[in-house]
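Subject: Structure for your review

Dear colleague,

Please find the structure below.

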Amino acid sequence: MLIARLAAEFCLPLTESGSRAEALAALAEAEFRRARLIDSQQDSQPGFEDFTLIEARA
C-alpha cells in the first residue's frame with residue numbers, strides 16, 4: 001500500500017501525466033482498502049491473565 005501511495009504522489013511531478021497519476025491514486029486507494037480488510041479479519045490478542053511481573057507491581 002505504501003509503495004502504491006508513494007508512486008501516486010511522485011508520478012505527476014516526474015512524468016507530468018495526470019491520467020497515470022489518477023490511475024496510481026486509484027490503485028493506492030484499492031490497496032489501502034485491501035489492507036484495512038486484512039487487518040479487520042485478524043484476531044485480537046488476548047490480554048495477560050497470569051503474568052507474574054504485573055502481579056508483582058500490585
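Which side chains meet in a salt bridge at 3.9 Å, N to O? They are those of glutamate 29 and arginine 33. A salt bridge here is a side-chain nitrogen of Lys or Arg within 4 Å of a carboxyl oxygen of Asp or Glu.

This is a predicted model, in which local features need pLDDT of at least 70 and side-chain atom pairs count only at pLDDT 80 or more, while totals for chains, interfaces and linings use all residues. Residues are numbered from 1 along each chain as its sequence is written, and side-chain values use heavy atoms, leaving out hydrogens and water.

Searching the whole structure gives 3 salt bridges. Side chains of opposite charge can pair when their charged atoms come close.

Glutamate 29 and arginine 33 are 4 residues apart in helix α2 (residues 18-41), so about one helical turn separates them. Helices are DSSP runs of H or I with at least four residues, numbered from the N terminus. Arginine 33 is exposed, at 52% relative accessible area, and glutamate 29 is partly exposed, at 39%. Exposed means over 50%, buried under 20%, and partly exposed in between (1.4 Å probe, protein chains only).

Helix α2 also holds arginine 34 and glutamate 31, 3 residues apart. Their closest N and O atoms are 3.3 Å apart in a salt bridge. Glutamate 31 is partly exposed, at 25%.

In helix α1 (residues 2-15), arginine 5 and glutamate 9 lie 4 residues apart. Their salt bridge has its closest N and O atoms 3.0 Å apart. Arginine 5 is partly exposed at 42% relative accessibility, as is glutamate 9 at 43%.

Terms used:
Helices (H or I, at least four residues) and strands (E, at least two) are DSSP runs, numbered from the N terminus.
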